[in-house]
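Please read the points below with the sequence and the model open beside you.

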Amino acid sequence: ADTLGIAVGTANSAYLEAERRGLVRRHVGQGTFVAANAARGLASQGRIDLSLNQPPLDVAAPLVRKLFAGLVEDADAAQLMGYPTRRESTRYRQAVALWLARSTGLPRVQADDLLPSQGATQGLLAVLDSLLEPGAKVLCEAITYAGFKVAVRQLGGEPEAVAMDREGMVPEALEERARATGARVVLLCPTLQNPTGAVASSQRRQALADVARRNDLWLIEDDVYGSLPEAGQRPAPIAALLPDRVFYVGSASKAIAPGLRAGWIIPPVAMKERVAAALNARNAFASPFGCPQMMAGASPFGWLAFAKLCETRLADDIIIRIRSEAVARMALAEQWLGECLQTPGGKQSLHAWLPLAADQAESLHMALARQEIHTTPPSAPMLSQPPSGLRLCLGGAESRDALEQALSVIAGELRQLQAGGSYWQP
């Protein structure tokens with residue numbers, strides 16, 4: 001404070017903020033030390049990654065670090081390395097179920113309704129494995145998460161595009177494609193859809209549920225972003241409207257942190273044993289520290305940590321922080337990119353969508369890569385042409401300053417593209 005000529009309280013606040021960001025650590029009786037991982041930003045200096053769709057990790061780090069320290073200190077090592085008791089498994093699944101009810105509006109979730117998985121991708125694979133026959137069509141949004149395409153094709157299916165608008169999948173188009181192709185499985189993301197950020201209204205969700213009921217369709221609802229919108233801004237999941245036809249899949253990857261690998265499936269009651277068998281087959285020989293299928297007897301450290309976050313309600317605090325940071329980052333994107341940006345269905349979206357012609361999207365992707373700004377390849381989410389565009393993962397940048405630096409470059413490149421052609425508008 002003396003050196004800088006500022007108040008002692010201001011200097012103390014700066015130390016507290018540095019600790020919140022994980023840059024320093026305080027040790028009682030020893031002092032304040034630069035954290036070992038504080039050099040992480042220097043290692044990636046000059047490279048900004050907007051291809052990783054994740055929450056800003058520094059936001060949750062202080063709370064998660066405290067929890068991990070407590071888990072390690074209090075854990076019974078023998079118990080962690082062995083099979084958990086049924087009572088403990090139920091306790092942790094119930095903590096996650098209660099968190100889901102608080103954070104997504106999914107009602108009446110009980111511990112026995114929930115099948116833990118190693119992230120949402122493993123959950124999707126288990127559900128698809130229990131539903132698909134070789135060569136079967138799976139109906140997806142025309143612009144979809146690249147992982148959907150990979151999962152469907154890995155299991156011998158073929159993704160089929162369904163038209164979209166600003167609320168996501170169009171019910172009339174879904175019905176038409178279901179009847180034309182004979183497909184019985186639908187994969188969709190109705191909340192902050194990846195990559196467009198679309199949010200389906202309550203009316204849209206009901207219409208999709210009605211189409212599924214009329215045509216005897218199975219819906220796989222990917223709700224990994226479901227806890228990010230504020231309570232008054234998120235319609236109830238489709239699973240709440242049609243529980244006997246919807247497989248509800250989610251994870252902590254976007255709301256908390258992807259490294260926990262904590263996911264879950266809530267299948268229709270009639271399909272639960274079938275999905276559980278598919279999930280168990282994928283986990284049979286996994287390490288207890290990496291396999292989160294607790295019903296099969298493995299107690300994953302990451303899943304346990306997430307359940308503890310739910311039980312102590314630290315997960316609720318983390319989501320509030322991530323929401324706030326996501327809103328701030330989206331405001332920066334809107335400030336720099338203006339009308340070029342497709343307005344997402346919720347300001348808490350972790351990704352932004354730039355509608356562009358296919359050749360423009362590819363040109364922009366390559367121009368940014370040459371300047372060490374990395375984005376998802378434009379072809380990754382496409383099932384049909386047009387529409388097309390470029391996804392920007394706002395949480396991937398290490399800081400708002402780094403994000404703003406990238407956005408300024410993108411804005412300049414877009415001005416050059418605008419001079420040479422027109423944008424596709426949804």
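1. Contact means heavy atoms within 4.5 Å. By that rule Asp-244 touches Trp-218 and Pro-268, leaving out residues up to four places away in sequence. This is a predicted model, in which local features need pLDDT of at least 70 and side-chain atom pairs count only at pLDDT 80 or more, while totals for chains, interfaces and linings use all residues. Residues are numbered from 1 along each chain as its sequence is written, and side-chain values use heavy atoms, with hydrogens and water left out.

2. Asp-244 lies in the loop between helix H10 (238-241) and strand E11; helices (H or I, at least four residues) and strands (E, at least two) are DSSP runs, numbered from the N terminus. Pro-267 is 23 residues from Asp-244 along the chain, and their C-alpha atoms are separated by 8.1 Å.

3. Leu-125 belongs to helix H6 (residues 119-131). Its relative accessibility is 10%, so Leu-125 counts as buried.

4. Helix H12 (residues 301-312) packs against helix H13 (residues 314-337) at an angle of about 90°, and their axes are 5 Å apart. Axes are lines fitted to C-alpha atoms, for helices over the stretch in contact, and angles run from 0 to 180 degrees between N-to-C directions. H12 is therefore roughly perpendicular to H13, a label for angles of 65 to 115 degrees. Leu-309, Cys-310 and Thr-312 of H12 meet Leu-314, Ala-315 and Ile-318 of H13. These residues divide into five nonpolar, one polar and no charged. Ala, Val, Leu, Ile, Met, Phe, Trp, Tyr, Cys and Pro count as nonpolar, Asp, Glu, Lys and Arg as charged, and the others, Gly among them, as polar.

5. How many cavities of 30 Å³ or more are there? The count is three. A cavity is a set of points on a 1 Å grid over the protein atoms alone where a 1.4 Å probe fits but cannot get out; lining residues have an atom within 4 Å of a point. Grid points are joined across faces, edges and corners, and a volume is the space filled by probe spheres set on the points.

6. The largest cavity has a volume of about 40 Å³. Its lining includes Trp-99, Asp-223, Tyr-248 and Trp-264. Helix H5 (86-104) and strand E11 (246-251) each supply at least two lining residues.

Key:
On a 1 Å grid over the protein atoms alone, a cavity is a set of points where a 1.4 Å probe fits but cannot get out, and a pocket is an open set with protein on both sides within 12 Å along at least five of seven lines; lining residues have an atom within 4 Å of a point. Angles under 35 degrees count as roughly parallel, over 145 as roughly antiparallel, 65 to 115 as roughly perpendicular and the rest as oblique. Buried means under 20% relative accessible area, exposed over 50%, partly exposed in between (1.4 Å probe, protein chains only).
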